[in-house]
Amino acid sequence: MYKASLPFNLRLLNMAGKSLRLFGLRGASLKPRSLMKRARRSTNLNDFGPDDFKEGLTCLCDALESEANLTPFGRMVAQAELLHVLENRLKLIHAFKVNRELSGSPILRPLIITGPPQSGTTMLHDLLAQDPDNRVPKTWEMRYPFPPPRTESYFSDSRIGKVERELKNTQRLMPDLKKLYPMGAQRPQECVSISAMNFMAMSFNVSYRVPSYQRWLSHDANFRGAYNIHYQFLQYLQWRHKAERWVLMSPSHLWHLDKLLQRYPDAMVVQVHRDPLKSVSALSNLTYTLRSVSSDAVDIRDIARQQAELVSEGLTRNRELREARLRTREPILDLHYSDITDNPLAAVDKIYRHFSLPLTKNAREAMTTWLGQHDYEQLDRHRYLFTATGLRLEEERKRFKPYQERFNIAQERL
């Protein structure tokens, strides 16, 4: 398992913070009202839009306080993340208030990739991003979307360098993170960070131990508002830089495929499948690494139990939904992990044929060049030892058997 390596000054900060706790001092505030006040003050904006984000924010803050075992530095990290999300929400709502034309730009036939973690979705997203007709949300514009990206400066925007510097700092804290997840300011980014603006994102559960928040997210959260702001954010990003279609990716869509298709009824959905125990091992390892930045009480077995339950829940919900409600309407193309890794360009051809999309010679050549420059196998080579999770193999095989049989998914060597 990889763990964050905190510099000496941050270790000192955590030790000092533990001493202050003895005197009742908690450090960085994680109170919703305080965070909202600070976000308003820093942006000089007041309107957060619909109030449906407040329940998620409150639930998340409560979980961070009572369950996450945050260090003093971890509290600072969490506070900074929540403030950034709130500030971006304020700016997005403001943009739609002062630019009425934004609402008149529809999102038509987005191509949306989903699948369990480490199933080849990132590789597929990277490949499809090489087609100039495809518009992907890139890391830098997801992190700093205001002002809107513009075509004339899209590849030279100063925010690209800013995000690259931030990513280098992240790699100093977690030097092995690049072995777990590809990073880069100009790489395609998962759209889970968009739904974070409604405080409905699984990424919070990966970065912090917040089981009560994740239970709320899985069972009680109304994702209609999250997908509404998702739609608005895409409208905003394409305002000054548009392409033929959006290509999006996030495993979280598995859990809420019905709400996704309600908001994007003409979506072209690609669902990728892989042995779910590989996904559980990968997600557990990534979670262990990310949580170790903000907490010194990280338990891989506790993480694996939670993530196995979460992945099982998502795949079961997805399977049942597809068997019941989507039986007569199949907007979904199923691919297997081996389809993508064994012959990625053939997988791309299959997607374009299935949805009747033109694949130009230039796009195919760009994809071929990209494949020659990037080693995706190294991301699958190191790390996912199922034995480290403490899970019982036979029990987990039984748990995931209905999903594997429904989609004809082979068991892999663990």
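How much space lies in the second largest cavity? About 70 Å³, as it turns out. All of these close-ups come from a predicted model, in which local features need pLDDT of at least 70, side-chain atom pairs count only at pLDDT 80 or more, and totals for chains, interfaces and linings use all residues. Residues are numbered from 1 along each chain as its sequence is written, and side-chain values use heavy atoms, with hydrogens and water left out.

**View 1. The second largest cavity holds about 70 Å³ of space.** Its lining has 13 residues, and the closest to the centre are R209, R291, S295, A297 and V298. Helices α14 (276-294) and α15 (300-324) are the elements that give two or more residues to this lining. By class, five lining residues are nonpolar, four polar and four charged. (A cavity is a set of points on a 1 Å grid over the protein atoms alone where a 1.4 Å probe fits but cannot get out; lining residues have an atom within 4 Å of a point. Points are joined across faces, edges and corners, and the volume is the space filled by probe spheres set on them. Nonpolar covers Ala, Val, Leu, Ile, Met, Phe, Trp, Tyr, Cys and Pro; charged covers Asp, Glu, Lys and Arg; the others, Gly among them, are polar.)

**View 2. The largest cavity has about 100 Å³ of space.** Of its 14 lining residues, S195, M200, F223, Y227 and S252 sit closest to the centre. Helices α9 (192-195) and α12 (223-237) each supply at least two lining residues, and α12 gives the largest share, three residues. There are eight nonpolar and six polar residues in this lining, and no charged ones. The structure holds two cavities of 30 Å³ or more.

**View 3. The second largest pocket has a volume of about 260 Å³.** A pocket is an open set of points with protein on both sides within 12 Å along at least five of seven lines. Here 13 residues make up the lining, with A129, P132, N134, K138 and F155 closest to the centre. The lining divides into six nonpolar, three polar and four charged residues.

**View 4. Strand β1 (residues 111-114) is covered on both faces.** L111 and I113 are buried on one side, I112 and T114 on the other. (Buried means under 20% relative accessible area, exposed over 50%, and partly exposed in between, with a 1.4 Å probe and protein chains only. Helices, H or I of at least four residues, and strands, E of at least two, are DSSP runs numbered from the N terminus.) Strand β1 pairs in the parallel sense with β3 (residues 245-249) over three bridges, and with β4 (residues 268-273), also parallel, over four bridges; pairing takes at least two DSSP bridges. I113 has M249 as its bridge partner in β3 and V270 in β4.

**View 5. S119 sits in the loop between β1 and α5 (121-128).** With 0% relative accessibility, S119 counts as buried. A polar atom of the S119 side chain lies 2.6 Å from the backbone oxygen of P116.

**View 6. Helix α17 (residues 344-354) has its buried residues along one face.** Those residues are P344, L345, A347, V348, I351 and Y352. Just after α17, S356 takes a positive phi of about 55 degrees.

Definitions and conventions
The arc is that of the directions from the helix axis to the C-beta atoms. A polar contact is a pair of N or O atoms within 3.5 Å; within protein, one must be able to donate a hydrogen and the other to accept it, and residues adjacent in sequence count only if both atoms are side-chain atoms.
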